[in-house]
Amino acid sequence: MTRTRFHQELEELKHRILAMAGMAEQAVDLAVQAYSQRDIAMCQRVLNNESAINRAEREVDEFAVDLLAMQQPMAIDLRFILAVIKINADLERVGDQAVNIAQRVIHMIEYDAKELPVDIPAMAGKVRKMVRDALQSFIEGDADLAKRVLEADDEVDRMNKEAFANLSKCMQTRSDSAAQALDALSIARNLERVADHATNIAEDVIFWIRGADVRHHAGQTASRL
Amino acid sequence: MPNAVEVRNLKAWFGKAEALHGINMAVEQNHATAVIGPSGCGKSTFVRCLNRMHETIPEAKADGEVKIGGMDIYGVPAVEVRRKVGMVFQKPNPFPTMSIYDNVAAGLKLNGTRNRKTLDEVVERSLQQAALWEEVKDLLKKKSGASLSGGQQQRLCIARALAVNPEVMLMDEPASALDPISTAKIEDLIFELKQKLTIVIVTHNMQQASRVAEYTGFFLMGNLVEFDKTEKIFTNPSDKRTEDYITGRFG
């Protein structure tokens with residue numbers, strides 16, 4: 001009763017979602033780089049790539065639904081496909097956050113560069129590592145690595161709060177920088193959202209590997225996993 | 001909910017070959033329990049020990065304790081056990097020359113019931129419970145059991161088993177020879193029957209197990225590897241061997 005073909009198709013599903021993950025990851029990298037370099041062409045590339053990510057999302061979903069309908073997966077295979085469907089939605093949203101960041105950068109570039117009380121590249125570095133680790137945990141089926149992603153989210157939340165406090169103050173005290181501070185605030189917020197999606201992906205990996213639902217209790221449950 | 005069947009250290013042999021190596025299982029009353037596992041794992045042998053059918057095979061024997069409704073089935077005559085425990089097999093086996101009516105009434109007549117009114121009532125009730133009454137009520141004495149379709153024959157066999165009012169119904173692959181519509185009828189029927197009795201069903205079809213049974217036991221090489229709530233077995237089994245089997249990684 002070994003289901004060789006089905007398991008090959010699960011591998012194919014994994015390859016497809018990893019290809020999509022690569023696109024979403026690249027979009028965030030490009031948007032952050034565009035911020036640092038004030039590069040409008042990079043922003044444009046992020047906007048242009050969005051439709052490819054959306055198309056990949058639909059294709060992954062269709063493939064996953066076909067496998068559910070045609071193969072009636074069980075246990076770890078069922079959990080894998082459910083995890084892929086949820087990870088797929090998160091990756092598409094990561095693509096959307098990258099587009100939001102790129103649009104804010106385009107707006108910022110309209111003004112002269114200003115010194116702002118926020119370290120977007122540092123925050124982006126943390127977020128990028130979370131996304132990378134979440135995807136690595138998915139590639140390797142490593143629930144321990146996924147658990148570390150959950151723990152890292154607190155630091156990004158803290159950075160986002162700090163950015164909010166500093167940039168709000170900046171808007172009140174430096175009217176010439178208010179517009180750019182608002183853009184930076186939005187970029188920080190979008191990066192924080194990307195980190196949340198990385199957290200969701202990590203939770204889905206834990207669900208796939210251990211059958212444990214750790215959503216909404218990550219802080220308490222992570223230590224017990 | 002009390003247990004309808006309690007099995008302790010059940011062993012079974014075919015000649016010198018031990019087919020079951022000490023099974024322990026408690027089957028909850030008014031629920032369906034599925035028994036799954038690869039061919040030759042002992043699942044059919046297990047259910048055939050629950051109504052002492054196993055020992056009808058030459059050289060076969062069983063040892064251990066099986067209690068049905070508190071009665072030690074190896075301490076009473078086999079015929080008494082089979083009054084409490086009905087069985088339905090993979091291939092429908094109605095008595096081919098008997099009418100539909102006589103098929104259902106056979107068990108009662110064998111037990112000595114001769115009263116026509118009682119027989120009529122039991123035949124109707126059993127066919128109703130087996131969801132066959134509407135299809136055959138005008139043909140009861142005109143047609144033989146063998147003249148019905150495969151799905152109807154299987155429901156006739158269920159009605160025949162129900163006629164003696166069993167506490168437990170054993171089903172050994174009851175739908176594997178049936179088309180999807182007849183299969184769905186049998187599965188619906190299992191839901192109805194659970195209100196009155198307890199069902200133990202052997203099946204190779206894991207979707208069927210997940211649809212009809214609250215509990216599932218996974219057998220492998222004569223051992224009960226895992227026994228748990230069905231949703232646990234099919235979404236997140238505790239034993240790697242169970243997971244490998246139900247995901248098709250061996251078998």
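The model is predicted: local features need pLDDT of at least 70, side-chain atom pairs count only at pLDDT 80 or more, and totals for chains, interfaces and linings use all residues. Residues are numbered from 1 along each chain as its sequence is written, while chains are lettered from A and ligands numbered from 1 in the order in which they are written.

M108(A) lies in helix α3 of chain A. Helices are DSSP runs (H or I, at least four residues), numbered from the N terminus. M108(A) is buried, because 24 other C-beta atoms lie within 10 Å; the cut-off for buried is 20 or more. D142(A) stands 34 residues from M108(A) in sequence and 40 Å away in space, C-alpha to C-alpha.

The contact between the chains takes 12 residues from chain A and 13 residues from chain B. On the side of chain A that touches chain B, helix α3 of chain A gives the most, with five residues. That side of chain A comprises six nonpolar, three polar and three charged residues. Asp, Glu, Lys and Arg count as charged; Ala, Val, Leu, Ile, Met, Phe, Trp, Tyr, Cys and Pro as nonpolar; the others, Gly among them, as polar.

V200(B) is in contact with V5(B), V27(B), T33(B), V35(B), V47(B), L50(B), V168(B) and L170(B), leaving aside neighbours within four places in sequence.

Methods: Contact = placed C-beta atoms within 7 Å. Helix = DSSP H or I, 4+ residues; strand = E, 2+ residues; numbered from the N terminus. Buried ≥ 20, exposed ≤ 12 C-beta atoms within 10 Å, placed from the backbone.
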